[in-house]
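Here is a friendly walk through one protein model, with its cut-offs spelled out along the way. Keep the viewer open as you read.

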Amino acid sequence: MSPPFSGSISSSSSSPILPPPLNPESNIVAINVGGHLFQTTKQTLALAGSKSLLSTISDSSQSLVPFIDRDPDLFSLILSLLRTGYLPSKAKAFDLQDLISESQFYGIESLLINSLSNPSQFEAFNLEKSLILPLNGRDPPSTIAATPFGSLHVAHGGKITSFDWSLQRKTTILTHFSAIDSLLALSPSLAAAGATDFSGLQILNLETSRVETILDWENVTRSCSTVQAIGASSQLLFTSFESGRRNSNSIMIYDLQTFNPVTEIGRNEIYGAEIDSAIPATMLNWVSGYNLLMASGSHSGPSGVQGNIKFWDIRTGNVAWELKEKVDCFSDMTVSENLSAIFKIGVNSGEVYSADLRKLGDENPWICLGDRMKVVNGKKAGIGGKIESYGNQVFCSREGGSIELWSEVTVGNGGSKGGLGLGLEERVFRKNLMGRVKDLGGGKVTKLAFGGNKMFVTRKDQQSVEVWQSSGKGF
């Protein structure tokens, strides 16, 4: 049995290949794959990366044509991927898992991922529900987290189920939690998880089911602390803690590589009826363009739902800007750096609002994007609403289970594009309902997440995850 890579010509080919001896000085490289001769350049093979098998061949000075005992039809796709950065249309005739295995053999899976699950391929107006990912057990998803190139982690009950970027492979681990409330994907194999009824933030290896480390915070009484929210920048991990007695809270900042503590901000020891300081941050978003951490939280009391949004300068530990939410507090909110704005769903009105990040000094920066519906009989129309931003769009689900797509449009010569130009009051956003007619409706949306060219959706009481992709894309 011949090795997969050797310096001889295959003798099992139906039509023996007898190429001329190779000139080591030539830029042309010949490779015999499964009895078929391929010719390319050294520069093309070098695009596979220094650690790949193909790069090794391009650096070789041997005069014999190297032989690789693999499928030649799949190799032709690999070669096209190296030449153009994309797979040819004929790739759809092949099984994706076969192509993944082949890319792993040649050491170029990262190029394949970039070709098939790149955020630049996300087409918001062309999304359709394309796949349902079933989950084991009876628990519906409590939270989900996606990686930049489309792998997905799903918390359901005390379990975390992970899908690789192709959504072809699934693994499930059991955690110490009875239920998981916060989940952040740190890598395809590493996640941070926490709960509001279990002490500490756990860093989990999802391949080995191992707890790599547990991060905790103690107040002056040294009571245990629970996790309220998790966020991250490219170098730092942010965690909002609340003491078990709910009389103190804080935001801890850790090094994302070592998980060592870096600093602490927003520490509150609560005395008496200090409602504002009693609200821990339940959402953490890093705003890289401004080098600020957005921390927001809300509280329901006798006077209604109140909250606050704070932008922290983590270098000084000071609040750069704060907005107190009292009239129509957010039910959910998100930030879009591409649009230079924050967006919220009003808990009372159910309306979508936006505020320009460049005008946060205004007393009331919120602009209603909807019809300013009146609150009827005190009904909180926005409870349970979900809003997320991705690229240049904002995605929202309110009542009925439909998903809305909000986009900025240009109006005459005075409008602005993509968050550039004039102030937000002169910008116009329009909404569209997403998907085909058969995609509309369904159960109430509980989570929205985005990764690569995909949108992931979970719904109330459903033990599955919806995958939305651009029609006609992928396999």
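## Salt bridges

R358 counts as partly exposed, at 38% relative accessibility; buried means under 20% relative accessible area, exposed over 50%, and partly exposed in between (1.4 Å probe, protein chains only). Before going further, please note that this is a predicted model, in which local features need pLDDT of at least 70, side-chain atom pairs count only at pLDDT 80 or more, and totals for chains, interfaces and linings use all residues. Residues are numbered from 1 along each chain as its sequence is written, and side-chain values use heavy atoms, with hydrogens and water left out.

The partner of R358 is D356: the two form a salt bridge whose closest N and O atoms are 2.7 Å apart. A salt bridge here is a side-chain nitrogen of Lys or Arg within 4 Å of a carboxyl oxygen of Asp or Glu. D356 counts as buried at 3% relative accessibility. Side chains of opposite charge can pair when their charged atoms come close.

How many salt bridges does the structure hold? There are 18 salt bridges in the structure. One of them links R169 with E109, with 3.7 Å between the closest N and O atoms. R169 lies in the loop between β8 (159–163) and β9 (170–174) and E109 in helix α5 (residues 109–116), so this pair ties together parts that are 60 residues apart in sequence. Helices (H or I, at least four residues) and strands (E, at least two) are DSSP runs, numbered from the N terminus. R169 is partly exposed, at 33% relative accessibility. Another salt bridge brings together the side chains of D313 and R315, at 3.2 Å from N to O. D313 is buried, with a relative accessible area of 15%, whereas R315 is exposed at 63%.

Is strand β31 mostly covered or uncovered? This strand, residues 454–459, is mostly covered, with six of its six residues buried. In a regular strand the side chains alternate between the two faces of the sheet. Both faces of β31 are covered: K454, F456 and T458 are buried on one side, and M455, V457 and R459 on the other.

Strand β30 (residues 445–451) pairs with β31 in the antiparallel sense over six bridges; two strands pair if DSSP finds at least two bridges between them. L448 stands opposite V457 of β31. The two strands form a hairpin with two residues between them, and G452 in its turn has a positive phi of about 60 degrees. β31 is also joined to strand β32 (residues 464–470), by three bridges, and these two run antiparallel. Here V457 stands opposite E466. The hairpin of β31 and β32 has four residues between the strands, and D461 takes a positive phi near 65 degrees.

## Another hairpin

Strand β6 (residues 141–146) has five of its six residues buried, so it is largely enclosed by the rest of the structure. It pairs with strand β7 (residues 152–156) in the antiparallel sense over five bridges. H156 in β7 is the bridge partner of P141. Five residues lie between β6 and β7 in their hairpin, where G150 in the turn has a positive phi of about 95 degrees.

## Positive phi in two loops

Most residues other than glycine have a negative phi, and most peptide bonds are trans. L167 has a phi near 65 degrees, a positive value in a residue other than glycine. L167 lies in the loop between β8 and β9 and is buried, with a relative accessible area of 11%.

S209 is not a glycine either, yet its phi is positive at about 65 degrees. The loop between β12 (198–205) and β13 (210–215) holds S209, which is partly exposed at 43% relative accessible area.

## A contact across the sequence

V319 sits in strand β21 (residues 318–325). V319 is partly exposed, with a relative accessible area of 34%. V319 and L292 are 27 residues apart in sequence, and their C-alpha atoms are 9.2 Å apart in space.
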